[in-house]
Amino acid sequence: MSSIAQKKGFGATIWDFMTTVDHKKIAILYLISGGFFFLVGGIEAMMIRIQLAKAGNDFLSAGLYNEIITMHGTTMIFLASMPILLAFMNAIMPLQIGARDVAFPFLNSLGFWLFFFGGIFLNLSWFMGGAPDAGWTNYASLALASEGHGIDFYTLGLTISGFGTLIAGINFLVTIINMRAPGMTYMRMPLFTWTTFVASALILLAFPPLTVGLFFMVFDRLFGASFFAVEMGGNTIIWEHLFWIFGHPEVYILILPAFGIFSEIFAIFSRKRLFGYTALVFATILIGFYGFMVWAHHMFTVGLGPTANAVFALATMIIAVPTGIKIFNWLLTIWGGSISFTTPMIYAVAFIPSFVAGGVTGVMQAIAPLDYQLHDSYFIVAHFHYVIVGGVVLAILAGTHLYWPKMFGTMLSEKLGKWTFWFFFIGFHLTFFIQHFLGLMGMPRRVYTFGADQGWDLFNAISSAGAIFMAIGVIILLVNVVMTTIKNERVGNDPWGDGRTLEWAIPSPPPFYNFAQTPLVRGLDSFWIEKMEGNKKGMIFAEPLGDIHMPNNSFIPFVMSLGMFVASFGALYFLDGDKPWALAVLVIGLLITFGSMLVRSLKDDLGFHITKAELLKDAKGGNTDGH
Amino acid sequence: MAHDTHIHVRSKAEFEYAKKKRADEMRGHLATFAIMIFLTLIAFTMVAAGFSAYLIVPIILLLAGIQVILQLYYFMHMSGKGHGMVAFFMFCGMFVAFITVLALVTIVWW
Ligand code: HEM
Ligand SMILES: [Cu+2]
């Protein structure tokens with residue numbers, strides 16, 4: 001664990017990543033696994049579009065189709081978008097606030113491995129008797145009637161990965177509250193840090209209802225309870241409430257960090273301070289706040305009654321106000337700026353009209369009487385893809401280009417990046433714009449096929465063609481990643497040349513302790529301020545150079561999560577009469593988990609110190625790549 | 001950011017100040033404790049006196065709320081410095097829980 005650069009063997013690198021507690025490496029783990037699940041979800045999407053490309057297609061059977069749309073939605077939300085955003089939060093947020101790591105490095109690693117094993121568990125359903133098939137919303141009546149173990153993979157997998165996300169959220173909250181460098185007041189925090197903060201608060205408050213719902217579902221299905229079973233006196237609507245009390249904040253957990261990434265991009269590439277920083281911060285908080293008061297807009301057609309529908313319709317429409325404030329602030333940031341159209345900036349500019357379109361359809365759906373027409377039609381599918389793909393996924397792609405140099409020390413090709421953009425962007429609108437009209441023409445969502453006499457052939461064919469464009473865009477991105485990695489042209493601290501915040505003041509990638517000396521922050525856009533004053537070091541320091549205390553790597557988080565993974569199989573087969581070993585597996589898994597917790601509690605792990613001498617050697621140009 | 005333990009020797013004045021502060025705090029604790037006992041007494045007497053349940057239940061809930069706040073502020077030191085964020089998140093949590101329960105009560109169970 002010395003800070004001296006050395007080439008590691010393949011096995012040693014793997015071991016290093018399995019035990020790491022360094023937020024930058026955990027970020028890479030999140031990016032790789034989130035990216036992998038993004039590809040899996042993407043393949044599922046392509047299969048859906050192939051099936052719907054023409055009337056009466058029999059590429060997929062009805063049952064398999066249900067499994068694929070369920071897994072597509074679940075994977076994209078829980079296993080792709082959120083982890084990739086968590087990757088950027090992990091990689092960038094501590095750097096932006098001038099911290100050496102997150103508040104709880106061990107928990108950070110635990111959070112990742114729980115997410116990872118939860119995701120693997122969920123996807124193993126494909127090979128173990130069939131995937132869940134009740135939609136990503138898993139409505140209770142449908143889910144309780146579903147045969148086989150698909151739904152159980154869903155509930156147990158999401159419980160595990162949900163714990164991971166909750167841990168990550170708490171960790172980020174504590175980090176931002178406690179670990180900001182001297183001078184980094186709340187109102188000097190970069191916008192990506194702010195959105196991370198609010199999104200983490202939403203995680204903290206929104207995941208418990210989901211966990212409760214999932215627990216009820218697990219007990220209903222696996223241990224014979226009847227929370228949602230109407231014939232036993234349960235209530236199936238409660239699942240819908242619990243799910244959406246979580247579900248609507250969840251969409252803001254996704255979109256707020258995306259807003260953060262775009263805010264950074266607009267400022268960097270317009271070479272201007274963000275317009276209306278304060279308004280942007282307050283809009284973020286306000287969105288987080290309202291996010292908890294609108295969930296029933298997903299349930300207008302359940303029959304909540306006119307009063308409840310009216311209340312939730314109004315609350316939903318109000319959310320559009322802070323969102324609009326943000327849009328105007330971004331536009332005014334670009335206005336009069338000296339714009340450079342790099343790949344991230346193109347994504348950011350394209351995001352504005354795309355997301356606004358999604359917001360407008362959202363407000364339409366918030367009109368309860370109109371929603372009786374739109375609900376469960378392709379119009380809804382168009383809406384949420386406009387906000388999620390046009391907002392979150394564009395931000396993920398933009399963030400990948402923007403932060404790649406900071407995470408890996410190399411620059412993705414701008415040329416290929418623009419190719420990706422155009423294919424993806426055109427494909428996106430081609431696929432989803434027309435779905436608004438399919439919805440208005442009456443095509444219901446979640447149907448596995450349609451008849452040739454229904455008049456939906458042409459629009460569906462166009463939609464499927466668009467999906468191919470998106471796939472090509474993603475493939476070009478993969479080629480770009482491989483080529484960039486092979487070329488391995490190292491870049492300096494501030495590869496875009498216009499970085500404004502602290503992360504651009506340190507090497508790419510930063511040494512594993514991030515800052516040899518904690519910086520002193522003198523204002524918003526701290527790096528920019530120092531640059532303008534001609535400070536070659538990029539920051540001023542809050543402390544003299546001295547020993548740094550760092551945490552040790554640990555294998556325990558991996559083992560703890562593995563135990564949960566094993567235990568889940570036991571729980572899954574618990575009530576199957578013919579599998580007596582299930583109880584043993586459940587117990588063994590829990591023993592592994594609690595045993596490793598015990599080890600963690602009893603064994604003192606005091607970390608280690610990097611001495612001043614080592615830091616001085618690094619500063620002379622020894623170690624920059626984090627090994 | 002060296003993590004050494006600093007040994008701080010208190011001056012006479014600092015000592016006096018800390019002593020006075022602790023005495024104040026103690027008085028606060030005792031007073032709150034008395035109030036809490038008194039509130040509990042009210043609750044018990046109301047039940048013993050056999051008032052209507054429609055009167056007793058809301059009043060007991062109200063008393064319980066007051067008890068929680070006293071507990072948090074006087075015994076769990078939420079008024080202390082640096083507890084702002086903790087308080088903020090607790091109130092957010094209560095707010096979300098309240099909205100949830102309110103909605104379930106009004107639109108599901110009523
Ligand atoms: C202006 C802001 C927004 C408004 C007013 C809004 C409104 C709505 C409404 C009323 C529905 C329910 C439609 C129905 O099922 O009948 C809905 C569905 C949905 N929205 Fe939004 N929305 C907004 C922003 C977002 C954002 C930012 C995201 C995600 C990043 C999002 C993701 C979704 C998803 C995933 C669904 C469908 C859930 C499902 O049934 O599977 N929305 N939206
Ligand atoms: Cu919603």
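Of the 110 residues of chain B, 20% count as buried, where buried means under 20% relative accessible area, exposed over 50% and partly exposed in between, computed with a 1.4 Å probe and protein chains only. In chain A, by contrast, buried residues make up 58% of the 627 residues. This is a predicted model, in which local features need pLDDT of at least 70 and side-chain atom pairs count only at pLDDT 80 or more, while totals for chains, interfaces and linings use all residues. Residues are numbered from 1 along each chain as its sequence is written, chains are lettered from A and ligands numbered from 1 in the order in which they are written, and side-chain values use heavy atoms, with hydrogens and water left out.

**Chain B**

- The secondary structure of chain B consists of 3 helices and 0 strands, with helices (H or I, at least four residues) and strands (E, at least two) taken as DSSP runs numbered from the N terminus.
- Chain B has a radius of gyration of 21 Å, well over the 13 Å that the globule rule gives for 110 residues, so chain B is more spread out than a compact globule; the radius is taken over C-alpha atoms, and the rule is 2.2 Å times the number of residues to the power 0.38.
- The C-alpha trace of chain B spans about 60 × 35 × 15 Å along its principal axes.
- Taking contacts in chain B between residues at least 6 apart in sequence, 49% join residues at least 24 apart, a contact being heavy atoms within 4.5 Å.
- Chain B has an accessible surface of about 8,600 Å², of which 75% belongs to carbon and sulfur atoms; accessible areas come from the Shrake-Rupley method with a 1.4 Å probe, and for residues only the protein chains shown count as cover.
- The 8 positive and 5 negative side chains of chain B have centres that lie 6 Å apart, with Lys and Arg counted as positive, Asp and Glu as negative, and His and the chain ends not counted; each charge is placed at NZ of Lys, CZ of Arg, CG of Asp or CD of Glu.

**Chain A as a whole**

- Chain A comprises 19 helices and 4 strands.
- For 627 residues a compact globule would have a radius of gyration near 25 Å, and the 24 Å of chain A agrees with this.
- Along its principal axes, the C-alpha trace of chain A spans about 70 × 60 × 45 Å.
- Contacts in chain A between residues at least 6 apart in sequence join residues at least 24 apart in 83% of cases.
- The accessible surface of chain A comes to about 23,400 Å², with 72% belonging to carbon and sulfur atoms.
- In chain A, the mean positions of the 32 positive and 35 negative charges are 13 Å apart.

**Metal sites**

- The copper ion (ligand 2) is coordinated by His248(A) through ND1 and by His297(A) and His298(A) through NE2, at 1.9 to 2.0 Å.
- His248(A) in helix H8 (residues 236–270) and His297(A) in the loop between helix H9 (277–290) and helix H10 (306–334) are 49 residues apart, and the pair links distant parts of the chain.
- His248(A) counts as buried at 6% relative accessibility, as does His297(A) at 13%.
- The copper ion (ligand 2) and the iron atom of ligand 1 are separated by 4.5 Å.

**Helix H1 of chain A**

- In helix H1 (residues 10–19) of chain A the buried residues are Asp16(A), Phe17(A) and Thr19(A), and their cover includes helix H2 (23–51) and helix H4 (105–124) of chain A.

**Backbone geometry in chain A**

- Most residues other than glycine have a negative phi, and most peptide bonds are trans.
- The peptide bond from Ser508(A) to Pro509(A) is cis, with omega near -15 degrees, and Pro509(A) is found in the loop between helix H15 (457–487) and strand S1 (519–520).
- Asn138(A), in the loop between H4 and helix H5 (140–145), has a positive phi near 55 degrees and is buried, with a relative accessible area of 1%.
- Arg446(A), in the loop between helix H14 (414–440) and H15, has a positive phi of about 60 degrees and is partly exposed, with a relative accessible area of 33%.

Methods
Donors = N, O, S within 2.8 Å, 3.2 Å for Na, K, Ca; no water.
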